[in-house]
Amino acid sequence: MNVQCPNCGQRVTALIDTVIDPSIDPQAKAKLLSGQLNTVRCPNCGAPVTVAAPLLYHDASKELLIAFIPMELNMTKDQQEKTIGDLMRDLKLSQQAMKGYVFQPRRALTMQNLVEQVLQADGVTPEMMEQQRQRVRLIETLMQTQPEQLATVVQQHDEEIDAQFFQTLTMMAQRILAEGRADVAEGLIQLQQIVASLSTFGQQL
């Protein structure tokens, strides 16, 4: 699909996933959970370009089927139902796989809601999701902190800096590097080293 970069107007070719089945393509699920699904980087200006597209998420092992129609597509209810029906045909389920849950797909109102439903099915509680969001917010705060103030900010949040914090920081750096932003990823790695030297948990390591 050809889409226009909202930043510079360049036409960008994007490969769109509309059906996600982790048993067939676990990488697509990973992209969904990391916010990279149906997102490409503009070759002209480097800005991320996300394509709004209908999605159907299917995990037979958990009897989970979720449909997501982005609101910005402005589809009527009939158009949404037809689109979901078309995506269902793309699943190519066998007769034996046609269980009750298949005929009543859950609905996700936003992409974030879709991600949350997938994580909850994986055993991730809302409390765990909120803790992860807090870690990301802390990392963003530290990235924006002036070098001379880092020690103070780290001390203020010392109890929040644990193994999960460093794991989140590493995953963010890996994701950003995969997006082609090596300079930002390098900044996160440098931040990790600094926080490790300043925090109680980091010094214990």
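Student: In the protein, what share of the contacts with a separation of 6 or more comes from residues 24 or more positions apart?

Tutor: This is a predicted model. Contact here means heavy atoms within 4.5 Å. Among contacts with a separation of 6 or more, the part from residues 24 or more positions apart is 57%.

Student: How many helices and strands does the protein have, and what does its C-alpha trace span?

Tutor: The protein has 8 helices and 8 strands. Along the principal axes, its C-alpha trace spans about 60 × 40 × 25 Å.

Student: What percentage of the residues count as buried?

Tutor: The cut-off for buried is under 20% relative accessible area. The protein has 205 residues, and the buried part is 32%.

Student: How much of the accessible surface belongs to carbon and sulfur atoms?

Tutor: The accessible surface of the protein comes to about 12500 Å². Carbon and sulfur atoms hold 50%.

Student: How far apart are the mean positions of the positive and negative charges?

Tutor: The protein has 17 positive and 23 negative charges.

Student: The structure holds 2 aromatic pairs. Is the pair of Phe-165 and Phe-166 stacked or edge-to-face?

Tutor: A pair of aromatic rings is described by the distance of the centres and the angle of the planes. For Phe-165 and Phe-166 the centres are 5.5 Å apart. Planes over 60 degrees apart count as edge-to-face. The planes here stand at 85°, so the pair is edge-to-face.

Student: And are the rings of Phe-166 and Phe-201 stacked or edge-to-face?

Tutor: Their centres are 6.1 Å apart. Planes under 30 degrees apart count as stacked. These planes are at 25°, so the pair is stacked.

Student: Which helices does the pair of Phe-166 and Phe-201 tie together?

Tutor: Phe-166 and Phe-201 are 35 residues apart in sequence. Phe-166 lies in residues 163–178 and Phe-201 in residues 200–204. The pair therefore ties together parts in helix H6 and helix H8.

Student: Is Phe-201 buried or partly exposed?

Tutor: Phe-165, Phe-166 and Phe-201 form one aromatic cluster. Phe-165 is buried, at 0% relative accessible area. Phe-166 is buried too, at 9%. Phe-201 has a relative accessible area of 24%, so Phe-201 is partly exposed.

Student: Which residues does Phe-165 contact, leaving aside neighbours within four places in sequence?

Tutor: Phe-165 is found in helix H6. Its C-alpha is 8.4 Å from that of Gln-132, 33 residues away in sequence. Beyond four places in sequence, the contacts of Phe-165 are Arg-135, Leu-138, Ile-139, Leu-142, Glu-160 and Val-195.

Student: Which backbone oxygen does the side chain of Thr-83 reach?

Tutor: Thr-83 sits in helix H2, residues 77–91. At 16% relative accessibility, Thr-83 counts as buried. Outside four places in sequence, it touches Pro-54, Ile-69 and Met-75. At 2.9 Å, its side chain reaches the backbone oxygen of Gln-79.

Student: Which residues does Arg-41 touch, not counting those up to four places away in sequence?

Tutor: Arg-41 is in strand S4, residues 39–41. With a relative accessible area of 25%, Arg-41 is partly exposed. The residues touched are Gly-46, Ala-47, Pro-48, Glu-179 and Arg-181.

Student: What separates the C-alpha atoms of Arg-41 and Thr-110?

Tutor: Along the chain, Arg-41 and Thr-110 are 69 residues apart. Between their C-alpha atoms the separation is 22 Å.

How values were computed. Residues are numbered from 1 along each chain as its sequence is written. This is a predicted model: local features need pLDDT of at least 70, side-chain atom pairs count only at pLDDT 80 or more; totals for chains, interfaces and linings use all residues. Side-chain values use heavy atoms; hydrogens and water are left out. Helices (H or I, at least four residues) and strands (E, at least two) are DSSP runs, numbered from the N terminus. Buried means under 20% relative accessible area, exposed over 50%, partly exposed in between (1.4 Å probe, protein chains only). Accessible areas come from the Shrake-Rupley method with a 1.4 Å probe; for residues, only the protein chains shown count as cover. Lys and Arg count as positive and Asp and Glu as negative; His and the chain ends are not counted. The place of a charge is taken as NZ of Lys, CZ of Arg, CG of Asp or CD of Glu. Rings of Phe, Tyr and Trp (its six-membered ring) pair if their centres lie within 6.5 Å; planes under 30 degrees apart count as stacked, over 60 as edge-to-face and the rest as tilted. A polar contact is a pair of N or O atoms within 3.5 Å; within protein, one must be able to donate a hydrogen and the other to accept it, and residues adjacent in sequence count only if both atoms are side-chain atoms.
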